[in-house]
Amino acid sequence: MASMTTPTTTPRIPWARLGIRGMALSYLFLMLIIPISVIFWDGFSEGMVTLWQEVAKPIAWSALKLTLWTSAVMAIINGVMGLLTAFVLVRYTFPGKTTLNAIIDLPLAIPTLVTGLMLVALYGPQQVVGAWVLEHFGQRIIFAPPGIVLALLFVTFPFVVRSVQPVLLDLDQAQEDAAATLAATSWMIFHRITFPAIRLPLLSGMLLSFARAIGEFGAIVIVAGNIPFRSQTAAVYVYGEVESENRLGASAMSVAMMLIAFSVVALVGYLERRGRRG
Amino acid sequence: MTTITTVVRGRPSTRSSVWRRRLLIGVVALYVGLLIVAPLVALVRGAFLEGAAAMWQAINQPGVWRAFWQTLQIGVVVVVVHTVFGTAVAWVFVRDDFRGKWLLNAIMDLPFAVSPVVVGYMLILIFGRRGLLAPLLAAWDIQVVFAVPGMVLATLFVTMPFMVRVLVPVLEAFDVRQEQAAATLGAGGWFTFRRVTFPALRWGFVYGITLTFARALGEFGAVLVVGGGIQGRTETVPIYIFRALDERMYTGAYSAALLLGLFSILLILGTDWLRRRQE
């Protein structure tokens with residue numbers, strides 16, 4: 001019946017197609033490309049050397065370092081626990097599974113500032129859990145790096161789970177069953193069959209959560225408390241520089257954060273394209 | 001009790017596999033409990049600490065209602081703009097073809113990777129007192145920074161990818177032949193869109209709008225930087241919560257946070273529930 005082969009699209013009038021294209025492109029250009037370019041242009045306007053000097057200032061450098069290592073720690077924990085959560089959700093049935101599945105998306109709905117407040121309400125030094133940890137382990141959670149990692153873990157929790165889960169669902173279990181028949185141990189099955197299949201989505205989930213974490217502000221600003229050299233992250237540093245109208249410092253750190261985050265996103269794109277081909 | 005009957009998809013369960021299963025589920029439950037559920041409970045407890053009356057008193061103030069109203073207004077404007085332009089962008093993604101289209105795909109997700117603070121700062125660089133467009137804005141007497149227009153722009157930037165990313169797969173799954181059939185039967189372009197294309201994309205729209213709206217309501221960093229958080233003028237709910245904390249009005253901060261958080265959660269869960277019931 002349907003012998004037509006060329007897919008026609010919604011508007012059959014040529015100017016309608018061009019109109020929609022023009023509308024979409026000018027929107028993206030005005031709202032996305034121009035603002036991002038302005039930051040880069042401003043950051044590089046005083047030259048590479050000034051940019052580097054601004055980022056290399058002790059306060060700025062320690063803020064950037066703190067951001068990078070807390071984000072990396074978060075990405076690793078998120079990778080392990082996200083994989084485990086996805087595995088449990090796909091492979092097992094247990095009471096409360098639907099609830100667990102719904103809870104995973106909550107961090108996407110909860111405003112990041114509310115996230116920060118929630119963590120302070122639980123782990124703050126005056127609160128029950130925070131006081132207990134401080135007394136028994138001598139470690140503050142809030143106003144310290146552990147709080148930053150917690151905040152980042154909360155905000156990015158869905159990333160790894162939702163990236164691994166669909167792949168794990170699609171995975172043909174016949175291979176695993178065959179391996180089991182051949183007396184492979186469960187660890188061997190996971191290591192040799194399951195893991196290679198989900199390696200790529202796991203990695204891209206971790207990298208995306210890392211890229212997202214670099215710029216996180218709302219959840220961190222309450223939890224970390226803006227103490228230079230101790231708990232001030234890059235985003236909080238930029239906020240301070242903007243407030244004190246220090247344009248050089250703000251632009252330099254913004255450019256540094258964007259360069260890091262964009263490279264990570266580009267890496268994810270490359271990995272996914274390669275994954276689809278291979 | 002359940003030890004004998006549990007079978008993991010065809011593979012008989014041994015004693016060790018049952019224990020592994022319990023251990024893994026336990027670890028995940030503990031993690032999600034400590035990371036997400038316990039903080040949520042702590043927030044509810046913090047809000048109700050001084051009783052429901054104190055909570056209501058903290059919320060029922062002109063400044064707080066103003067902040068909620070301000071937040072809703074920005075959210076609605078952002079949703080309307082993204083519904084129109086997001087649809088156009090999604091359509092271009094799926095149906096249009098031209099040189100350099102792959103670049104679009106590469107830049108579409110960038111807002112996810114830009115810090116909200118930097119988003120606010122970008123707008124200051126463009127529209128601020130010493131910004132690129134400063135002479136123009138001064139001549140026309142338009143205020144963007146430290147005013148609502150800047151906050152709308154900031155929220156637009158931050159929520160840009162949601163509508164497109166939700167609509168693209170729905171549009172891809174939609175069978176073009178339905179439109180072709182309508183065209184064969186003499187339907188015009190607009191008629192086809194209204195009667196054939198739009199109904200098929202309805203859930204995509206609903207979901208995209210919900211996500212955009214929820215995210216817009218909760219935006220903090222970008223709106224704070226560009227709006228300046230001026231009490232009574234550019235104060236949204238998240239900015240109010242931030243100020244309330246700073247001024248040690250804890251009940252006010254916790255209550256507003258609870259209200260805003262619950263609203264966003266219900267919005268997302270409610271849409272999900274509706275969609276599942278429809279299916």
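Colleague: How many residues of chain B are in contact with chain A, and what makes two residues count as being in contact?

Modeller: In this predicted model, 79 residues of chain B are in contact with 76 residues of chain A, where a contact means that two C-beta atoms lie within 7 Å. Helix 1 of chain B, residues 15-48, gives the most to the side that touches chain A, with 17 residues. That side of chain B divides into 59 nonpolar, 12 polar and 8 charged residues.

Colleague: Why is A:Val90 called partly exposed?

Modeller: A residue needs 20 or more other C-beta atoms within 10 Å to be buried, and 12 or fewer make a residue exposed. A:Val90 has 15 C-beta neighbours inside 10 Å, and therefore counts as partly exposed. The place of A:Val90 is in helix 3 of chain A, which covers residues 58-91, and, not counting residues up to four places away in sequence, A:Val90 touches A:Gln165, A:Leu168 and A:Leu169. From A:Asp42, A:Val90 is 48 residues apart in sequence and 48 Å apart in space, taken from C-alpha to C-alpha.

Colleague: How do you know that the span of helix 6 of chain A agrees with what a helix should have?

Modeller: The expected span is 1.5 Å times one less than the number of residues, so the 12 residues of helix 6, residues 112-123, should span 16 Å. The end C-alpha atoms of helix 6 of chain A are 16 Å apart, which agrees.

Colleague: What makes helix 6 of chain A mostly covered?

Modeller: In helix 6 of chain A, 12 of the 12 residues are buried, with A:Thr112, A:Gly116, A:Leu117 and A:Tyr123 among them. For each of these buried residues, 20 or more other C-beta atoms lie within 10 Å.

Colleague: Which residues have the most contacts inside the largest nonpolar core?

Modeller: The largest nonpolar core has 158 residues, and those with the most contacts inside it are A:Leu117, A:Val238 and B:Ile241. Helix 8 of chain A, residues 145-170, brings the largest share of this core, 13 residues. Leaving aside neighbours within four places in sequence, A:Val238 is in contact with A:Ala250, A:Met253 and A:Ser254 in chain A, and with B:Ser115, B:Val117, B:Val118 and B:Tyr121 in chain B.

Colleague: How many helices and strands does each chain have?

Modeller: Chain A has 13 helices and 0 strands, whereas chain B has 14 helices and 2 strands. Buried residues make up 43% of the 278 residues in chain A and 42% of the 279 residues in chain B.

Colleague: What pLDDT does chain B average, and where is the pLDDT below 50?

Modeller: Chain B averages a pLDDT of 87, and 95% of the residues score at least 70. Over residues 1-10 of chain B the pLDDT is below 50, and this stretch has 10 contacts in the model beyond near neighbours in sequence. The model scores ipTM 0.88 and pTM 0.89.

Methods:
Residues numbered from 1 in each chain as written. Chains lettered and ligands numbered in written order. Predicted model: local features only at pLDDT ≥ 70, side-chain atom pairs only at ≥ 80, totals over all residues. Helix = DSSP H or I, 4+ residues; strand = E, 2+ residues; numbered from the N terminus. Nonpolar A, V, L, I, M, F, W, Y, C, P; charged D, E, K, R; others polar. Core = buried A, V, L, I, M, F, W, Y, C linked by C-beta atoms within 7 Å. pLDDT = per-residue confidence, 0-100.
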